[in-house]
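Please read them with the structure open.

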Amino acid sequence: MDDTEAAPSSDPLDLHGLLFDTSPDLIAVLDSQFVFRIVNPAYARRHGRTPGEIVGSTVAQLVGEDVFRETIFPRLERCFSGESSTYESWFTYPTLGPRYMEVRYYPLRNDEQVSYAVAVIRDFTDQKASEDALKESKEHYRIVADFTYDWEHWLGADGTYIYVSPSCERLTGYRAAEFTDDPELLEKIAHPDDREMVSRHLKEEHSVTGEARSLDFRIISRDGEERWIGHVCQPVYDRDGHWLGWRGSNRDFTAQRRVEQGLRESEEKFRRVFEDCPIGMVIAPPGKHFLQANPAFCKMLGYTEQELKRMTVRDITHPDDWSESRDFLRRLARGDISSYVIIDKRYIRKNGEVFWGRLTVTMLGGHSDEQIRGLAMLEDMTEQRKNEQLREQYVSFISHDLRAPLSVVIGQASILRSRLSSQRAKPEAARTESILNSAWRMNSMIQDLQESSRLESGKWTMHREPADLGQLLSSVCDQVVSPEQKVRLRMEQPSGPTSIEVDHERFGRALANLVTNALKYSPSDSPVTITLDRVGQEVLIAVADQGAGIPLDEQPLVFDRFYRAVHRKKAEGIGLGLYITRLIVEAHGGRIWVESKEGEGSTFAIALPITTH
Ligand code: ADP
């Protein structure tokens with residue numbers, strides 16, 4: 001080995017010299033004092049010097065003390081102890097800046113001793129960059145694959161899994177490794193009813209041919225739950241067109257399936273209800289042609305569904321009820337009323353007969369005004385109407401027939417009483433008095449029967465007139481309360497007049513019922529308080545007594561027809577007073593209710609809207 005600085009070889013056959021001079025690798029020979037003895041042109045060039053400028057200087061002088069001590073010295077030392085070594089590291093060069101270099105050290109022995117170290121240094125920066133890029137892109141793909149929400153797999157051409165995404169565990173409860181270890185696992189966990197279909201699909205999947213294919217099937221997950229899987233697979237090929245198996249995507253659509261199933265079931269239920277229900281049902285946009293009618297509706301009106309589809313509600317409505325129906329349809333179309341509206345009305349059947357129906361309408365909203373339609377439900381009220389008419393007739397006949405002999409009894413008993421009184425026959429006069437009292441009671445019961453029947457039929461006219469409620473109450477009390485009882489009444493009212501428009505006779509009757517009941521159903525020495533008040537747009541009238549009260553479960557019933565409390569049967573009355581009172585209050589657009597506590601007393605209250613007509 002030449003001890004002096006290197007010079008380009010002049011002999012073209014000096015192959016070693018040629019390689020040394022033209023090598024792109026950086027080559028240097030160092031002695032044990034870490035002094036450069038030979039460097040090739042590439043080495044010198046990299047440091048921005050000529051070989052002659054480097055030879056003779058130490059490594060530390062060339063690369064700096066720090067780099068020498070930390071990176072180079074420990075390895076060179078090993079080299080001088082006879083060990084070859086390779087390492088990679090970043091070095092900064094004056095010409096190119098930081099470069100990633102692979103450094104190899106070879107010991108050169110002279111006899112037994114290592115006298116020189118040869119350094120062959122190769123620039124790895126570009127490889128390092130592409131290696132890093134590869135690593136990074138692999139990492140990207142790994143992240144994309146491993147973090148897919150759906151369960152993705154790549155089934156190799158030999159039928160074993162090359163890749164299964166970890167998300168399979170979320171869907172199936174089984175880990176990716178369990179699928180790769182057992183290629184039949186998918187078939188095994190398929191729902192027994194779907195297993196054959198899945199096996200067939202997978203078998204076909206193993207053949208090369210085919211486009212993307214899909215299959216919906218159920219699996220039983222590890223925790224025993226049934227899950228719906230939407231599976232799509234397609235063949236995969238490398239760049240050269242070699243078939244590499246199938247890529248499959250599996251999506252859990254159990255939730256959608258349940259919603260769909262629920263929807264289908266509820267549609268089916270609705271269809272069955274629609275078809276089989278004894279209530280007539282028809283669907284139509286307000287006032288337009290019918291779209292659908294169920295068999296019950298067709299039967300009620302005697303038309304077929306086809307015939308009804310060419311008709312509107314006007315064609316089947318009784319002419320006398322049309323104007324009310326038209327108003328109702330307009331309010332529906334305007335959206336003033338929406339659901340569960342009930343009206344009783346008459347229809348004309350195909351054969352011309354009158355059909356009484358109770359109509360309930362529910363609006364079925366759509367996305368646009370055109371889609372809004374009403375579901376009308378019709379109950380056959382013909383029989384009920386007939387019964388009501390019969391009952392009305394019956395009540396009016398009975399009342400009439402009873403009142404005629406009763407007025408004879410009252411007339412004759414009155415004559416008898418005055419005769420007996422003038423003859424001073426006291427006991428007989430008293431008996432006649434009790435006959436008269438009973439006859440009057442009977443008369444008022446018959447009146448109640450007639451009145452309730454009239455109010456129910458709606459065949460009465462309301463005569464509203466302005467009234468001062470305080471005055472109306474006083475005159476009612478004067479008429480129906482005896483002077484002995486009157487001392488029990490307390491009146492509380494605002495200082496000014498409380499005026500309102502009511503039907504004097506009927507509303508007076510309602511008030512009289514509350515006052516007489518309060519007196520009747522409380523101890524004869526207890527007070528009855530009547531309160532008048534004005535709250536917002538309403539007038540409140542309350543009649544409070546200190547009687548036995550009404551049990552909570554009976555309270556909602558006291559306003560029903562013929563309701564009489566079991567334990568008070570002995571008191572006079574037939575249980576129509578509060579029923580009539582409620583009908584009158586409701587006809588005035590008001591509300592009536594009771595608040596009562598057993599043993600403490602009851603308060604009956606009326607709220608009437610203040611209206612001016
Ligand atoms: P009746 O003719 O029986 O009085 P009502 O319709 O006026 O009929 O009253 C119905 C029932 O309500 C009565 O039988 C009675 O049991 C109960 N009731 C009405 N008012 C009162 C009251 N102020 N206190 C307790 N119970 C009452």
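1. A term first. A cavity here is a set of grid points where a 1.4 Å probe fits but cannot get out. By that definition, this predicted model holds two cavities of 30 Å³ or more.

2. The largest cavity contains about 260 Å³ of space. Its lining has 23 residues, and Phe290, Val313, Leu329, Val361 and Ala376 are the closest to its centre. By class, the lining has 18 nonpolar, three polar and two charged residues.

3. The second largest cavity holds about 30 Å³. Arg391, Val395, Leu449, Ser452, Ser453, Glu456, Arg561 and Phe562 line this space. The largest share, four residues, is from α17. Three of the lining residues are nonpolar, two polar and three charged.

4. Now the helices beside that cavity. Helix α16 (residues 382-422) crosses α17 at roughly 160°, and their axes come within 9 Å. The angle is over 145°, so the two helices count as roughly antiparallel. Their crossing is left-handed. The contact between α16 and α17 comprises 16 nonpolar, nine polar and seven charged residues.

5. What angle do α17 and α21 make where they pack? Helix α17 (residues 426-457) and helix α21 (residues 577-587) pack at about 30°, with axes 10 Å apart. That is under 35°, so α17 and α21 are roughly parallel. This crossing, too, is left-handed. On the α17 side, the contact is made by Asp448, Glu451, Ser452, Leu455 and Glu456. On the α21 side, Gly577, Tyr579, Ile580, Leu583 and Ile584 take part. The classes are five nonpolar, two polar and three charged. Ser452 and Glu456 of α17 belong to this contact and also line the second largest cavity.

6. Elements α6 (125-146), β6 (151-155), β9 (226-237) and β10 (243-252) give two or more residues to the lining. Eight of the lining residues are nonpolar, two are polar and three are charged.

Definitions and conventions. Residues are numbered from 1 along each chain as its sequence is written. This is a predicted model: local features need pLDDT of at least 70, side-chain atom pairs count only at pLDDT 80 or more; totals for chains, interfaces and linings use all residues. Side-chain values use heavy atoms; hydrogens and water are left out. Axes are lines fitted to C-alpha atoms, for helices over the stretch in contact, and angles run from 0 to 180 degrees between N-to-C directions. Angles under 35 degrees count as roughly parallel, over 145 as roughly antiparallel, 65 to 115 as roughly perpendicular and the rest as oblique. A crossing is left-handed if the near helix is turned anticlockwise from the far one by less than a right angle, and right-handed if clockwise. Contact means heavy atoms within 4.5 Å. Ala, Val, Leu, Ile, Met, Phe, Trp, Tyr, Cys and Pro count as nonpolar, Asp, Glu, Lys and Arg as charged, and the others, Gly among them, as polar. On a 1 Å grid over the protein atoms alone, a cavity is a set of points where a 1.4 Å probe fits but cannot get out, and a pocket is an open set with protein on both sides within 12 Å along at least five of seven lines; lining residues have an atom within 4 Å of a point. Grid points are joined across faces, edges and corners, and a volume is the space filled by probe spheres set on the points.
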